[in-house]
Amino acid sequence: MSQKVAVLGTGKIGEALLSGMIRAGWAPADLLVTARRPERAEELRSRHGVTPVTNTEAAKTADILILTVKPQDMGALLDELAPHVPADRLVISGAAGIPTSFFEERLATGTPVVRVMTNTPALVDEAMSVISAGSHATEQHLAHAEEIFGGVGKTLRVPESQQDACTALSGSGPAYFFYLVEAMTDAGILLGLPRDKAHDLIVQSAIGAAVMLRDSGEHPVKLRENVTSPAGTTINAIRELENHGVRAALIAALEAARDRSRELASGKKD
């Protein structure tokens, strides 16, 4: 943890990483940040004790660069960084859809690049971060990425060829659950419940179900069957979900998210 780490383009996810690293034992003096707005940089300094720098300064001084800018801004950032990033610098990308080859082609030959797809539960230390090695990244580089992202949740290594699928499942995944909770809350209101009570019922049910999935070791089908009595309320609800094609809609939605991730990788913006 004596290495200097720079987070470039420090938004909400970047700040979550910073706070997670500090809780894990990183010294704020070893953490550098860049931000587009000076007031944002000063906010990070006062809140976490980290050091705001320019992108060029970060490239010259940090041992690890974590790039958290939006995918559409990554090319311009790399153009700015490339003259100053030595080939032994570890570059970690958090940009959805952009392959490690995009970075390797623009940085010095041999630069190790690790691609990470995390998600917004990093803000509450419950992220799912999926890690893939570029062609020059070693076991040690992957371990560094796991150490950093492990401070805000769980990590999983996958081949880079699976990153688009992981983006669809876990990168975008929280939005699907928020969407489902929104719909169920509306249903609760339709059934006569006040909004706040419907919300509390659904959120706690979601938390309980998630913990059971994580800790029980049971298949989700088995857990569902345990709630589904013959001719009862649950099986009637499940029948309606099947009648309305919810399962097929979810599969189609995830395929659409995967396809969009591939389009981003190919440079398609619209």
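How many helices and how many strands does the secondary structure of the protein come to? The count is twelve helices and eight strands. Helices are DSSP runs of H or I with at least four residues, strands are runs of E with at least two, and both are numbered from the N terminus. The structure is a predicted model, in which local features need pLDDT of at least 70 and side-chain atom pairs count only at pLDDT 80 or more, while totals for chains, interfaces and linings use all residues. Residues are numbered from 1 along each chain as its sequence is written, and side-chain values use heavy atoms, with hydrogens and water left out.

The C-alpha atoms fill a box of roughly 70 × 40 × 35 Å along the principal axes. Of the 270 residues, 34% are buried. Buried means under 20% relative accessible area, exposed means over 50%, and partly exposed lies in between (1.4 Å probe, protein chains only). Contact means heavy atoms within 4.5 Å. Among contacts with a separation of 6 or more, 62% join residues 24 or more positions apart.

Residues 4-97 carry the annotation "domain: Pyrroline-5-carboxylate reductase catalytic N-terminal" in an unreviewed entry. This span is 40% helix and 19% strand, and its end C-alpha atoms lie 27 Å apart. Residues 160-264 carry "domain: Pyrroline-5-carboxylate reductase dimerisation", also from an unreviewed entry. Here the chain is 83% helix and 0% strand, with end C-alpha atoms 15 Å apart. UniProt positions are given in the numbering used here, feature names are shortened, and annotations may be inferred rather than shown by experiment.

Nonpolar cores were examined next. A nonpolar core is a set of buried Ala, Val, Leu, Ile, Met, Phe, Trp, Tyr and Cys residues joined through side-chain atoms within 4.5 Å. The largest has 26 residues. Val5, Leu31, Ile64, Ile66, Ile92, Val114 and Ile148 touch the most other members. Elements that give two or more residues to this core are the strands β1 (5-8), β2 (31-34), β4 (64-67), β5 (90-93), β6 (113-117) and β7 (127-133), together with helices α1 (12-23) and α6 (139-149). Ile64 contacts Gln3, Lys4, Val5, Ala6, Arg89, Leu90, Ile92, His144 and Ile148, leaving aside neighbours within four places in sequence. A second, separate core holds 21 residues, including Leu32, Ala62, Ala95 and Phe103. In soluble globular proteins, nonpolar side chains tend to be buried together.

Helix α7 (residues 163-171) meets helix α8 (residues 173-190). Their axes come within 5 Å and cross at roughly 35°. Axes are lines fitted to C-alpha atoms, for helices over the stretch in contact, and angles run from 0 to 180 degrees between N-to-C directions. Ala168, Leu169, Ser170 and Gly171 of α7 make the contact with Gly173, Pro174 and Tyr176 of α8. By class, four of these residues are nonpolar, three are polar and none is charged. Ala, Val, Leu, Ile, Met, Phe, Trp, Tyr, Cys and Pro count as nonpolar, Asp, Glu, Lys and Arg as charged, and the others, Gly among them, as polar.

Helix α8 also holds Thr185. Thr185 counts as buried because its relative accessibility is 6%. Its side chain reaches the backbone oxygen of Val181 at 2.7 Å. Not counting residues up to four places away in sequence, Thr185 touches Arg195, Ala198, His199 and Ile202. Ser19 lies in helix α1. With a relative accessible area of 18%, Ser19 is therefore buried. A polar atom of the Ser19 side chain lies 2.9 Å from the backbone oxygen of Ala16.

The loop between β6 and β7 contains Thr120 and Asp125. Thr120 has a relative accessible area of 42%, so it is partly exposed. Thr120 touches Ile13 and Pro174, not counting residues up to four places away in sequence. Asp125 is partly exposed, at 31%.

Most residues other than glycine have a negative phi. Asp125 has a positive phi of about 60°. Ala231 likewise has a positive phi of about 60°. Ala231 sits in the loop between α10 (220-227) and α11 (233-243). Ala231 counts as exposed because its relative accessibility is 78%.

Conventions:
Polar contact = N/O pair within 3.5 Å; in protein donor to acceptor, adjacent residues only side chain to side chain.
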